[in-house]
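Here is a short tour of one structure.

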Amino acid sequence: MCGNMATSSLRKSASLMLFFNRSLSRPDRTAVCLYHKKVVDHYENPRNMGSLNKNSRDVGTGLVGAPACGDVMKLQIQVDENGKIVDAKFKTFGCGSAIASSSLATEWVKGKTVDDALKIKNTDIAKELCLPPVKLHCSMLAEDAIKAALSDYRIKQQDKKEELAKARS
Amino acid sequence: MLSTGSNVSSRLLKPALWLSVRLVSERTAAASPQQELIKKRELEKDELRPLYMDFQATTPMDPRVLDAMLPYQVNYYGNPHSRTHAYGWESETAMEVARKQVADLIRADPREIIFTSGATESNNMAIKGVARFYQSKKRHVITTQTEHKCVLDSCRILESEGFQITYLPVHKSGLLDLELLEASIRPDTSVVSVMMVNNEIGVMQPVKDIGHICRSKGVFFHTDAAQAVGKIPINVSDSKIDLMSISGHKIYGPKGVGALYVRRRPRVRLEPLQNGGGQERGLRSGTVPTPLAVGIGAACSIAQKEMEYDHQRVSMLANRLVQRIMSEIPDVIMNGDPEQRYPGCVNLSFAYVEGESLLMALKDVALSSGSACTSASLEPSYVLRAIGADEDLAHSSIRFGIGRFTTEEEVDYTAEKCIHQVRRLREMSPLWEMVQEGIDLKSIKWTQH
């Protein structure tokens, strides 16, 4: 009898508390979102998403990764006569971190010279986006994409020089 | 207990204010089309939690189950194995009622049901227990490549103990090849384990035929029915099932409880994993958690009553979702057999779009993906690989789970959002661009990383 009264009053007070104090019923919702704000921002507002004319002489195209690995990045740069990158565009098949890494890469190469762009390291990209260790390979792929685009541009410039030389001779 | 006067009124006011704000915003967007609904949800996204569309991962507890469990948490809290007083007797009665409820759902005898801590423990008990009991004469176990990790890992442990395991491949549809199964059974096979409904692709195996084959060869048949119990009709005698694993939290019951069906005629012997006071026929010692047992019993009895209605409703919603998505966007593949499946588990691969980026895009819907990026090991789902899905499609798969509490609105919203985001992500995808230009992706030599 005594025990019943105690438990019933306990339950009554618990339910009253629940009614008045909404926060008691809902658990603490500062749950860690898996995606960092910056990564989500790059996805929602991608910088420089698109394509440049890949047949143009002053455009270098880098295509890295493989669909079987779940990550493919295409990065294109447009370089003016002074060797400065004036435009960059990207397209990515990959997770949120991969999209953010390539988007950030295009942001950083714009305005740099061809030599300076080579200095961009994957660790800088990872630090800027606060990538967790399991996503570091996305930043490495972005660095590879930059290098591939620059090397493609170099090859095109080489071909141009050879053609000019041949035309002269 | 409670403070009086102004404190009470201010505390009363807060929830009332919150309610009124909600009502006003709902009224202003009352008669608007789907796009308006999406915009409204975007604005309120700090208030609301994502839509739940992951019913294969777990299910919310049915309120009726909670009602059944609560008295056993605070009032009737006795140990069901206490023989000497009323607290024990009333708990034991409740436990036995729950046992009968679970047994009735699968057309078994209540004495054949053992309460465990979940389907993982049941699977471990069944496979390791049976294999170890008969190990002097039988050292071979057969399973499939699409089983749940707990089954595959138990088999791996048995392998390290010297057993031989055959992992049978499956067809592209996800179904098992029955002739291959029959050919693989050897005189020294002790148990065959094939899951009834796959948790990733929803494929339903031909359990009756498999049961007949196993019975004719004198081999025990274990099935992991965690995703099937309470959703499709099961009869353990018709299907000649000897062992079956049941999970509480997949059928709107509590988490932390499950059951194992162990046939009595013909008797299945197994070596217990957990030793102690000999509870549960000596097969699983330990105090049976009465509230959890009552919960799984209540969940099973509700499921039995509502199975047909739920099945019709879930089929209707799943068809609605798939029709909407597939009619609006091209290059979407449904993984798994289209006919032999449980409709509530829809696994779609969106070509040229990566799974994790789509999950991030659909951030106000709770979904799951078979992509590598979502698993800690960066490997895509082994189930998708077993059914022969192309590697890049395995990275592009999303699993939609539909259940008892899913509404039409939720399905429509998910379909709309999915269509919109897939289009957006395809715009961002170099693979889509190449396909539009007419390039055959399989002909390209990709750089290895």
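Start in chain A, in the loop between helix H3 (37-44) and strand E1 (59-66), where A:Asn48 lies. Phi of A:Asn48 is near 60°. That is a positive value in a residue other than glycine. Bear in mind that this is a predicted model.

Chain B has a loop to note as well. B:Pro266 is found between strand E8 (258-262) and H10 of chain B. The peptide bond that leads from B:Arg265 to B:Pro266 is cis. Its omega is near -5°.

**A bent helix**

Helix H10 of chain B covers residues 290-328. How far does H10(B) span between its end C-alpha atoms? The span is only 50 Å, while a straight helix of 39 residues would span 57 Å at 1.5 Å a residue. H10(B) also bends, by about 65°, at B:Glu306.

**Helix pairs**

| Pair | Angle | Axis distance |
|---|---|---|
| H6(B), residues 119-133, and H7(B), residues 149-160 | about 30° | 9 Å apart |
| H10(B) and H14(B), residues 408-427 | roughly 20° | within 9 Å |
| H4(A), residues 96-109, and H7(A), residues 136-168 | about 40° | 9 Å apart |

Take H6(B) and H7(B), which pack at an angle of about 30°. That makes H6(B) roughly parallel to H7(B). The crossing of H6(B) past H7(B) is right-handed. On the H6(B) side, the residues in contact include B:Thr120, B:Asn123, B:Ile127 and B:Lys128. They face residues of H7(B), among them B:Cys150, B:Val151, B:Ser154 and B:Leu158. By class, the contact of H6(B) with H7(B) has 7 nonpolar, 4 polar and 2 charged residues.

Next come H10(B) and H14(B), whose axes cross at roughly 20°. The two helices are therefore roughly parallel to each other. Their crossing is right-handed. H10(B) brings B:Met316, B:Leu317, B:Arg320, B:Leu321, B:Arg324, B:Ile325 and B:Glu328 to the contact. H14(B) supplies residues including B:Glu408, B:Val411, B:Asp412, B:Ala415, B:Ile419 and B:Arg423. Which classes make up this contact? Between H10(B) and H14(B) there are 8 nonpolar, 1 polar and 7 charged residues.

Back in chain A, H4(A) and H7(A) pack at about 40°. That makes H4(A) oblique to H7(A). H4(A) passes H7(A) in a right-handed crossing. A:Ser97, A:Ala98, A:Ser101, A:Ser102, A:Ala105 and A:Val109 form the H4(A) side. A:Cys138, A:Ser139, A:Ala142 and A:Ile146 form the H7(A) side. How many charged residues are in the contact of H4(A) with H7(A)? It has no charged residues, with 6 nonpolar and 4 polar ones.

Notes:
Residues are numbered from 1 along each chain as its sequence is written. Chains are lettered from A and ligands numbered from 1 in the order in which they are written. This is a predicted model: local features need pLDDT of at least 70, side-chain atom pairs count only at pLDDT 80 or more; totals for chains, interfaces and linings use all residues. Side-chain values use heavy atoms; hydrogens and water are left out. Axes are lines fitted to C-alpha atoms, for helices over the stretch in contact, and angles run from 0 to 180 degrees between N-to-C directions. Helices (H or I, at least four residues) and strands (E, at least two) are DSSP runs, numbered from the N terminus. Angles under 35 degrees count as roughly parallel, over 145 as roughly antiparallel, 65 to 115 as roughly perpendicular and the rest as oblique. A crossing is left-handed if the near helix is turned anticlockwise from the far one by less than a right angle, and right-handed if clockwise. Contact means heavy atoms within 4.5 Å. Ala, Val, Leu, Ile, Met, Phe, Trp, Tyr, Cys and Pro count as nonpolar, Asp, Glu, Lys and Arg as charged, and the others, Gly among them, as polar. The expected span of a helix is 1.5 Å times one less than its number of residues. The bend at a residue is the angle between axes fitted to the seven residues ending there and the seven starting there.
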